[in-house]
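Let's go through a few labels and check each one against its cut-off.

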Amino acid sequence: MSNFRFQALQAVLNRVSPEVKTPGDKISEYFAANVFDKKKMREYLSKEAYQSILSSIDNGEPITRDTAEQIASAMKAWSMSKGATHYTHWFQPLTGSTAEKHDSFFEPTADGAIEKFSGDALAQQEPDASSFPNGGIRNTFEARGYTAWDPSSPAFIIDKTLCIPTVFVSYTGEALDYKVPLLKALSVMDKAAVDVCHYFDKGIEKVNASLGIEQEYFLVDLALFNARPDLYLTGRTLFGHMSAKNQQLEDHYFGAIPTRVYNYMRDFETEALLLGIPLKTRHNEVAPSQFECAPIYEEINLAIDHNQLLMDTMDRVARKHGFKVLLHEKPYAGINGSGKHNNWSLITNTGKNLLSPGKTPKNNLMFLTFFVNTIRAVYEHADLLRASIASVNNDHRLGANEAPPAIISIFLGSQLNEVLDEIETSRISKKIKDEASLWQGIPKIPQILKDNTDRNRTSPFAFTGNKFELRAVGSSANSASPMTILNLIVADQLKKFKAEVDRLIKKGEKKDVALLTVIKRYIKESKSIRFEGNGYSQEWEDEAATRGLSNFKTTPKALDALVSDKTQALFEETGVFSKREAHARHEILLEEYYKKLQIEARVIGELVDSVIIPTAINYQTRLIENVRGLKDIGMDASTYEAQLNIITKLSEHINFIKTNNTQMVDARKKANALEDAHEKAVIYDEQVKSFFQPIRYHVDKLEQLVDDAAWPLPKFRELLFIK
């Protein structure tokens, strides 16, 4: 095995970065070249078919069978002109990754063969629903499920396959993917936001949620990755003594990008740009071998599709460069992990950002309405938002002095906090003569620029000028999960807000007075969710408890919010999840949690028994032979005292690891015997996982004691620094 390590290191030293060619000198020349976007639709579709698909995208209007046939024919003609031979429904099941089944355009006929793609094939396919996570909704003997075309996300080509973004539902109509609940939540948000917008502007007809996703990731050489079974099987290193140099000099963040990494970035960015993913930014992150890329903001459904596609593209292109992309939230203990900041805002069809203050009192009142309702929504449903970002991977990262804590709070910056405090304590003038006298004693809200709000990196949900940034999302997560919840809770809050304002207006209050009255109360009632300090500190944890804020540090406890009575009422009111769907998701997420811990426990057991302990014993045997030889030639005991000390320490660490590994196996068997997913997840969380760190500690001690040349696994210093 140690041989394998040094072969991997030799492969790293011999790497030659492949040449990177772009399709044109300017990105604008090839951007979205592999996407069936509006420009291609206009070229390939009749005017009537083009207008039909635009109405479907903009207003959700159904597409007729005849129009679907035209669109399918146009997609086939366009994709075949670019070399496509197959098509697939591209969807996002609850595995956390994307799925696809490729079918050929080719069909034999009596006279030979033709290329065919029908409207039916475009609109619907039938994968086996029981083979994907379904939380008991589908059994093997009733496996039918359907993928159905999502016209709002354009088709694209990868290699020689036309990929059609779709939703995935069971035969009985339950959602089995991330996209269906997201689209439902966005529809609820659109209606609720438009209704509230009409207090200020009757011309607003649609509100879209906008999203920009910052994607963090690590790179490791493929040979070293393959030489680490723990990294290969779990996505993270289960053992490893920290490198003497890691991130403590703070010299990697925004540093010069290594040439090999730069070539890789250019290559995957080119592929992403061809797929219409509007990547804008690249840079080194804080930890060694950690990097980030970020696109321009897009409509939220498309932004999430693009992020899923981006992760696939990054992984595929990395192999060409001899890299493996690590999207795990915590691939290495002791240094920063990775997340994906979700930058969320609301944009009207007239181009107004509802989270951007204006220059007039009227516009500022509109801003305050959506701003305060968002705060109130997070306050009311903080536990549900926490559940939406919960995973076994993210548990390693949250609150680890590099990422937001597990306590959901909101950072606004001192300026906006002062504004809200003044509004809360001010008196509303009910004798409104003009806009200038709308508020008495309330300060004007200045035009907020991006740098008017500080960047508190310890906050899970921060206002950053004209958007809210959800920073607690894990790097490997599908952002549809937290974005479904965020849009849903804000939409629900806006509906409640409108009902309260309308009641006051009906009682005779002027509209603006009614708006401000409810806003003032919301500011006061949700004040406990606002926090400007250090989210990493023990003081905040103590203060949050006195404020009544939840602190769910592990996934099984956090996920309970998905099936609480409060959440069930929200889901039923909005129609985003049925009770059956909510309980199925709860079951799926619990199963994913304990299965990942189960895999990690098994990998730990296999590695310590078959690789690490034998390596330590072999080294110990060499030391014993050394001591025996020194004795045989009559050397004084003081000359081999150090060797005897190491021999003793090796035995102590080996015995501890062996004993704890046996106990961990017993705990695992106890958990596996349980039927209930929640009980099983709790046992894995509280018992099985409790052995991981002690075993790791003693393995790390063995790594320090054993001869470097004999150690079988690539070390952190070799994994972390790109050569």
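This is a predicted model: local features need pLDDT of at least 70, side-chain atom pairs count only at pLDDT 80 or more; totals for chains, interfaces and linings use all residues.

Q: What makes strand 7 and strand 8 a pair, and in which sense do they run?
A: Pairing takes at least two DSSP bridges between two strands. Strand 7 (residues 156–158) and strand 8 have three bridges and run antiparallel, so they count as paired. Residues are numbered from 1 along each chain as its sequence is written, and side-chain values use heavy atoms, leaving out hydrogens and water.

Q: What makes strand 8 largely enclosed?
A: Buried means under 20% relative accessible area (1.4 Å probe, protein chains only). Ten of the ten residues of strand 8 (residues 161–170) are buried, so the rest of the structure largely encloses it.

Q: How do you know that strand 1 and strand 8 pair, and in which sense do they run?
A: Five bridges join strand 1 (residues 86–90) to strand 8, and the two run parallel. His 89 stands opposite Ile 164 in strand 8.

Q: Why are helix 7 and helix 11 called roughly antiparallel?
A: Angles run from 0 to 180 degrees between N-to-C directions, and those over 145 count as roughly antiparallel. The axes of helix 7 (residues 179–197) and helix 11 (residues 300–320) cross at roughly 155° and come within 10 Å, so the two helices are roughly antiparallel.

Note on methods
Helices (H or I, at least four residues) and strands (E, at least two) are DSSP runs, numbered from the N terminus. Angles under 35 degrees count as roughly parallel, over 145 as roughly antiparallel, 65 to 115 as roughly perpendicular and the rest as oblique. Buried means under 20% relative accessible area, exposed over 50%, partly exposed in between (1.4 Å probe, protein chains only).
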